[in-house]
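I opened my notebook to record what I looked up in this model, entry by entry.

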Amino acid sequence: MAVPLKIFFVSPEISPFAKTGGLADIASALPKEIKNAGHDIRLFMPQYTVVNDRKFVLREVIRLKKLDIPFGDTRIHVNIKSSFLPDTKIQVYFLDYPPYFNREEFYVDPKTNRDYADNAERFALFCRSAIETLKRLHWHPDVIHCNDWQTGFIPVFLKTLYKDDDSFKNTKTLFTIHNLAYQGIFPVSKLKMTGLPDTLFTIGNSLEYYGKVSFLKAGIEYADLINTVSPTYNQEIQNDKELGFGFQDILKRRSKSLYGILNGVDYSEWSPEVDQWIPGKYDSKSLTNKIVDKQQLLGFCNLPYDENVPCIGLISRLVDQKGLDLIVKKFDQIMEPGVQFIILGKGEEKYQEFFTAAAQKYPQQFAAFFRFDNRLAHLIEAGCDMFLMPSKFEPCGLNQLYSLRYGTIPIVRKTGGLADTVVDFSTDEQKGTGFVFEKYDADDFLTTLKLAVHTFGDKKKWKGMIRRGMKQDFSWKASSREYIKLYTKLNKEK
Ligand code: ADP
C-alpha cells in the first residue's frame with residue numbers, strides 16, 4: 001500500500017447511530033473500506049436524541065470537554081463524545097450540544113413539518129466544532145471529507161478563519177454531493193455568528209446565492225475537490241437544467257475538480273445469506289428460502305400468500321423526488337392484474353393520505369407503513385418479487401442495489417445511479433437485471449411495470465434474471481479505490 005492517509009469524515013448522519021436515508025449507510029460503509037485499505041479514518045457527527053449514550057456506548061473524552069466555540073458575540077461550550085462504529089476500530093466523535101441536537105428529528109420539525117428555524121446556526125456550529133475538535137486533538141488529517149450541505153462551511157472556515165493556522169496547513173477538503181436538491185439556503189443575517197467577513201456574503205461574492213446564503217454552494221466553491229455519487233448524476237447536474245437545480249453554472253465552472261463515483265453496498269449488512277433481520281437465508285444457488293421471507297412478509301402485512309401473485313415493494317422517503325406521483329396517477333391500473341404492493345416510507349402528508357385510503361380500498365393487495373423501520377426494510381427487500389424506484393432523479397440510489405442482491409427485480413427510471421446500475425431486460429434479455437423506463441411519464445411507467453408483471457409469469461426467464469442480478473458486484477471495493485485516488489490526489493497537491 002502507498003502511504004497511509006489520515007481522513008476526517010464528517011457527516012450529518014451515520015448508520016447505525018442516526019439515519020434518514022442513503023447517506024447514513026454510505027457514511028458507515030465507505031469508512032470501513034478506507035480503514036480496511038490501511039488508512040486512518042475518523043468520523044464526526046451530531047449527537048441527536050436517537051444517539052443514546054448507553055445503547056451506543058458513548059464515552060466522555062476528557063480533553064474534548066467544554067470545547068470553546070466562537071459564535072457571534074458569544075462563545076458556546078460544546079462537548080465531544082466518542083465511540084466506535086460497531087464491530088470496528090473506527091473512532092466516531094459526536095458533537096454533544098443539547099440545545100441544537102437533542103431532538104427526535106434531525107432536520108425537520110415534527111410539529112410544523114418544516115425545516116427547523118435554526119438549521120443555519122445548528123450546522124454552522126457543527127462545521128466549526130468539527131474543526132475545533134481536530135485542533136484540540138492535535139490530529140492533523142490530510143483530508144477532511146465533507147458530506148452534503150450540512151458540512152458546507154468546513155471548507156469555507158478552513159480557507160478563511162483558519163487559513164494561517166498551522167494545524168491545517170497540510171489539510172485539504174473533499175466535498176461530496178449526495179443530493180443537489182438539498183441546498184441549505186438561509187438569509188444572510190443567519191450567518192452573522194460565523195465571524196466571516198460581511199463582504200463574502202454580498203452580491204456576486206462566493207457565499208452569496210440569489211441574495212441569500214447556501215451551505216451547498218459554500219462547499220462547492222471552497223472545497224479542493226468535489227464529487228457526487230454516480231457518473232450519470234455527475235453529468236445530469238452539469239447539463240440538465242432541471243436536475244442542476246440552479247447550480248449548473250457553478251458546477252460547470254468547477255467541472256475539472258468534479259468527479260462521479262458510484263456508491264457501493266455493505267454486503268455484510270445487505271445480503272440474504274447473512275441478513276440478521278430475515279427468517280429465510282438464501283443465495284443465488286438456492287432461492288427456496290426467499291419463499292419463507294415472502295410468506296413472513298405477507299403474514300406481517302395481513303395479505304394472503306400466493307406464489308403466483310407477484311409482490312412489489314417500495315421503501316422510500318415519501319417525497320416528490322421519488323416519482324410517487326406516477327404511482328398515484330396509475331394506482332388502480334397497477335392493482336388491476338391482482339398484484340400485491342407494500343410500501344414503507346415517511347414523508348409528505350399528501351402521499352400518506354393517498355396510500356392510507358388505497359390500503360382501505362385494496363385490503364387483500366396493498367399495505368403501507370409510515371415509519372422508519374430498518375427490520376421491515378430488510379424483510380421487504382427479501383420477501384418481495386419486484387422493487388419499484390420510478391424516481392424523477394436519483395443521485396445514486398441504494399435500494400435498487402440491495403434489490404439486485406436479494407433477487408428482487410428492480411423497476412426503475414433511467415436516471416442518475418439507477419441508469420448506471422440496472423440493465424433493462426426488454427432491451428437485452430441475456431444481460432437484463434431489471435426493467436428500465438426512460439421518460440418521466442405515467443404511461444411509460446405503467447407499460448414497463450406491466451411488462452415486468454407479465455415476465456414474472458415466465459419462471460425460467462425470471463429466475464435467470466434473478467440470478468444475474470444477484471451475481472452483480474456493487475461492493476465498496478471498486479468505489480472506495482476511487483475515493484482513495486481522490487484523497488491521494490489531494491495529498492499530493494499539498
Ligand atoms: P435517499 O438517500 O434519497 O433517501 P437511497 O435509495 O439512496 O435514497 O437510500 C435510502 C436508504 O434509506 C435505504 O437504505 C432505505 O432502505 C432506507 N429507508 C428509506 N426510508 C426508510 C424507512 N421508512 N424505513 C427504513 N428504511 C428506510
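**Entry 1: the ligand**

I began with the ligand and found that a backbone N or O atom of D373 lies 3.0 Å from a nitrogen atom of the ligand, which I list as a polar contact (a pair of N or O atoms within 3.5 Å; within protein, one must be able to donate a hydrogen and the other to accept it, and residues adjacent in sequence count only if both atoms are side-chain atoms). Taken alone the ligand exposes 570 Å², and the protein buries 93% of that; accessible areas come from the Shrake-Rupley method with a 1.4 Å probe, and for residues only the protein chains shown count as cover.

I noted that this is a predicted model, in which local features need pLDDT of at least 70, side-chain atom pairs count only at pLDDT 80 or more, and totals for chains, interfaces and linings use all residues. Residues are numbered from 1 along each chain as its sequence is written, and side-chain values use heavy atoms, with hydrogens and water left out.

**Entry 2: the shell around the ligand**

Which residues come nearest to the ligand? Of the 19 around it, they are K19, G22, R317, K322 and R371, where a residue is near if one of its heavy atoms lies within 4 Å. Strand 16 gives the most to this shell, with three residues; helices (H or I, at least four residues) and strands (E, at least two) are DSSP runs, numbered from the N terminus. By class, the shell has six nonpolar, six polar and seven charged residues, with Ala, Val, Leu, Ile, Met, Phe, Trp, Tyr, Cys and Pro counted as nonpolar, Asp, Glu, Lys and Arg as charged, and the others, Gly among them, as polar.

Why does the ligand lie between domain 1 and domain 2? I wrote down that domain 1 (6-264 + 477-492) and domain 2 (288-474) both give residues to the shell, so the ligand lies between them; the bounds come from an automatic or database domain assignment.

**Entry 3: a cavity and a pocket**

The largest cavity has a volume of about 60 Å³, and of the 13 residues that line it, D25, A29, D266, W270 and Y402 are the closest to its centre. Helix 1 (residues 22-36) gives the most to this lining, with four residues.

The second largest pocket has a volume of about 380 Å³. Of its 16 lining residues, the closest to the centre are I291, E307, D385, K463 and I466, and helix 17 gives the most, with five residues.

For both I used a 1 Å grid over the protein atoms alone: a cavity is a set of points where a 1.4 Å probe fits but cannot get out, a pocket is an open set with protein on both sides within 12 Å along at least five of seven lines, and lining residues have an atom within 4 Å of a point. Grid points are joined across faces, edges and corners, and a volume is the space filled by probe spheres set on the points.

**Entry 4: the backbone**

The peptide bond from S15 to P16 is cis, with omega near 5°, and P16 is placed in the loop between strand 1 (6-10) and helix 1.
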